[in-house]
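Dear colleague,

I am handing over the structure below, followed by an account of what was found in it. Please read the text with the model open beside you.

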Amino acid sequence: MPRLFPLEKIRNIGLMAHIDAGKTTTTERILYYTGIVHRPGEVDEGTATMDWMEQEQERGITITSAATTCLWAGHRINIIDTPGHVDFTAEVERSMRVLDGAIIIFCAVGGVESQSETVWRQADRYLVPRIAFVNKMDRVGANFPRVITMIRERLGTNPVPIQIPLGKEESFIGVIDLIARKAITFENESLGAQYIISEPPPEYIPELERYRSKLIEAVAEHDEQLLEKYIKGDEITSLEIKRVLRQATIRGSLVPVLCGAAFRNRGVQPLLDAVIDFLPSPVDMPPIRGVSLNGRRIESRPPSDDAPFAALVFKIISDSYVGQLAFIRVYSGSLQVGSSVLNSKSLSHKRINRLLKMHANKREDIKDVYAGDIAAVVGLKKINTGDTICNKNAPIVLESMQFPPPVISAAIEPKTKADQDKLGQALNRLMDEDPTFKVHIDPETGQRIISGMGELHLDIIMERLVREFGVHVKVGKPQVAYKETVKVPAEGEGKYIKQTGGRGQYGHVKIRIEPLSSKKGFEFSSKASGNTIPKEFIGPIKNGIQEAMSYGILAGYEMEGIKVILLDGSYHPVDSSEIAFKIAASLAFKEAAKKARPVLMEPIMKLEVVVPKEHLGEVLNDLNARRAKIEQIEVRDGTQVINAIAPLPEMFGYATDLRSLSQGRANYSMEFLFYQETPRHISQAIVSRIRGL
């Protein structure tokens with residue numbers, strides 16, 4: 001069956017923003033105006049189509065990204081609505097990886113907030129072209145020019161308004177299109193579905209011309225022909241402005257800025273027009289790059305149905321009706337139900353049983369998918385987020401995603417024997433879905449430990465265990481996920497020699513460890529010759545070291561930021577084995593780590609606190625007591641905004657304390673930044689407590 005829409009008529013976009021900037025509300029209006037739903041859902045009422053999970057409807061927040069498809073102006077738009085809360089930043093990360101373009105939504109009052117910066121950097125990392133939508137123009141304190149300035153200064157980009165607001169705050173009724181020089185107002189009776197295009201009011205003409213002149217100047221700088229016309233003073237047409245602005249947007253040189261009030265049903269249709277006009281189709285993007293199976297050769301796939309099939313798995317969910325669903329973005333080729341694909345990571349072949357087009361949690365069976373499509377696949381067992389599925393005759397490994405490490409942990413145990421049997425399976429399914437959720441067994445206590453991105457993240461996991469899996473658990477008090485590293489180089493030697501009646505065990509390893517300047521990750525290299533340690537034992541040695549690093553020597557926390565060099569060793573032609581060298585390497589690492597001045601590291605969080613001026617002093621004093629470092633205090637529409645960094649161990653219970661300090665008027669957001677060495681006196685107390693000294 002041929003594709004219904006040509007590639008150039010497809011847009012794969014995501015909506016990203018700080019929490020409560022209006023992403024889901026904007027998505028609901030898009031679905032309404034494109035005819036997907038008959039009435040827009042509301043986040044506050046728990047009726048939003050894209051917030052389909054019970055927890056999302058009850059809490060009024062987006063927890064998991066949701067995909068849907070709609071039609072506008074003869075184009076098909078695949079949309080991913082993502083969470084704004086930092087605890088669910090993995091949803092944004094994996095969505096950004098597979099999108100061709102993004103709408104970044106800013107609150108007209110709050111402007112560029114902490115999570116706004118985070119999602120902007122994620123878009124930078126994946127080179128995603130974007131347009132900006134300044135939402136909530138109807139709110140008291142809405143300030144369009146100030147948001148433009150914040151986008152320019154805080155995000156280091158070049159925002160170009162293509163609209164200005166018509167009216168202000170309560171009197172906001174529509175927008176003025178700078179390119180067409182037209183006013184657009186929206187009718188309340190039709191929930192904004194009907195709108196009127198007219199001449200702008202005379203009092204807005206000077207502002208219109210001033211902004212339009214800046215728009216033309218910014219666009220002309222990106223095209224020689226336009227620049228020549230601009231210098232000569234010749235008229236530049238709307239088509240020319242759109243053509244060059246589209247090119248500059250796709251290159252990332254300019255960011256078109258629009259405005260509106262999605263909750264009041266104003267400004268969404270022009271936003272859809274801008275998606276079509278300025279964001280790229282798959283053919284506007286360069287060929288996707290990857291590597292060969294052995295990692296030695298660069299491979300690429302053009303966005304074409306005729307190229308070999310290649311797709312990236314960007315999300316896994318467990319569905320109670322159809323089992324495991326794998327969301328894929330198809331970069332090249334086509335795929336039909338019944339055909340077979342290669343998972344280039346596990347090198348396993350899979351048969352495609354069903355293909356689904358998703359609309360939030362609703363699904364529609366389809367027979368095939370093509371380049372540029374986003375769909376879900378049923379029946380791909382043992383597949384993970386970030387895996388590539390491709391044509392077995394033209395294998396490729398596409399770049400995966402990088403996720404931040406979990407920073408908070410808690411012990412968990414089942415309430416009953418029946419829960420015990422189901423708990424492990426449920427946790428494994430949740431780990432398959434969420435790359436930032438981890439589970440491990442503490443080797444000393446035997447407790448099952450769960451780890452995540454924050455207290456809210458773990459709360460949601462607990463609720464899902466009960467609601468989706470019927471598992472009731474007891475959870476310990478949340479604990480900080482510390483890490484361990486080393487400060488100086490050191491050497492260690494490990495021998496594992498065991499003689500029994502028959503064949504013995506022999507492994508002998510000498511290593512050197514060094515701190516990595518980044519304090520992240522793990523590097524391994526070998527200087528040992530094949531005469532001392534055969535090549536087949538190098539892999540087990542590396543594995544033994546990594547296993548030893550998973551349980552540090554100070555307080556049992558995972559170790560990282562370490563480079564390991566295999567220096568020497570010896571083997572026995574009969575008794576040496578993989579397990580012997582694995583154990584010897586573990587012993588060598590522990591010996592070296594003890595001599596390398598091991599230290600504890602704590603997660604440092606980026607913090608933004610919005611507080612009324614009269615409570616600023618109390619809040620600052622409290623932050624100082626929490627070892628926070630204040631980086632900036634700025635005034636934002638009558639409130640004080642504190643930007644700081646603070647160690648996570650000191651921030652437990654902050655939400656309650658902040659409410660108490662500010663009579664419930666302050667709010668904050670917090671996200672992981674990096675790991676930093678814990679102060680010595682605090683580190684000693686933690687180690688003593690864990691060791692029971």
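Arg121 and Asp124 both belong to helix α4, where 3 residues, about one turn of the helix, separate them; helices (H or I, at least four residues) and strands (E, at least two) are DSSP runs numbered from the N terminus. This is a predicted model, in which local features need pLDDT of at least 70 and side-chain atom pairs count only at pLDDT 80 or more, whereas totals for chains, interfaces and linings use all residues. Residues are numbered from 1 along each chain as its sequence is written, and side-chain values use heavy atoms, with hydrogens and water left out.

Arg121 and Asp124 form a salt bridge, with the closest N and O atoms 3.4 Å apart; the term stands for a side-chain nitrogen of Lys or Arg within 4 Å of a carboxyl oxygen of Asp or Glu. Arg121 counts as partly exposed because its relative accessible area is 33%, and Asp124 is likewise partly exposed, at 33% relative accessibility. Here buried means under 20% relative accessible area, exposed means over 50%, and partly exposed lies in between (1.4 Å probe, protein chains only).

Helix α4 itself (residues 114–125) has 12 residues and reaches 17 Å from its first C-alpha to its last, close to the 16 Å expected at 1.5 Å a residue, where the expected span is 1.5 Å times one less than the number of residues. The helix is mostly covered, with 9 of its 12 residues buried, among them Val119, Trp120 and Ala123. After α4 comes Leu127, whose phi is positive, near 55 degrees.

The whole structure holds 36 salt bridges. In one of them Arg154 pairs with Glu117, the closest N and O atoms being 3.8 Å apart, and this pair links distant parts of the chain, since Arg154 lies in helix α5 and Glu117 in helix α4, 37 residues apart. Both Arg154 and Glu117 are buried.

Arg264 and Asp138 also meet through their side chains in a salt bridge (3.5 Å, N to O). Arg264 is partly exposed, as its relative accessible area is 27%, whereas Asp138, at 12%, is buried. Salt bridges that share partners join Glu117, Arg154, Lys606, Glu608 and Glu634 into one network.

**Cores and a buried glycine**

Which residues of the largest nonpolar core touch the most other members? Of its 103 residues, they are Ile77, Ile103, Phe106, Ile131 and Leu215, a nonpolar core being a set of buried Ala, Val, Leu, Ile, Met, Phe, Trp, Tyr and Cys residues joined through side-chain atoms within 4.5 Å. Apart from this core lies another, of 32 residues, which include Met605, Ala644, Met651 and Tyr675.

Gly101 is found in strand β4 (residues 101–107) and is buried, with a relative accessible area of 1%. Leaving aside neighbours within four places in sequence, Gly101 is in contact (heavy atoms within 4.5 Å) with Asn12, Ile13, Gly14, Val128, Pro129, Leu279 and Pro280. Gly101 and Met285 are 184 residues apart in sequence, yet their C-alpha atoms are 9.9 Å apart in space.

**Helix α13**

The 18 residues of helix α13 (residues 578–595) should span 26 Å at 1.5 Å a residue, and the end C-alpha atoms are 26 Å apart, which agrees. Its buried residues include Phe581, Ala585, Ser586 and Phe589, and what covers the buried residues of α13 includes β31 (490–498), α12 (538–549) and β35 (598–612). Just after α13, Arg597 takes a positive phi of about 55 degrees.

Gly141, in the loop between β5 (130–135) and α5 (144–155), is buried, with a relative accessible area of 18%. Gly141 and Glu578 are 437 residues apart in sequence and 67 Å apart in space, C-alpha to C-alpha.

With best regards
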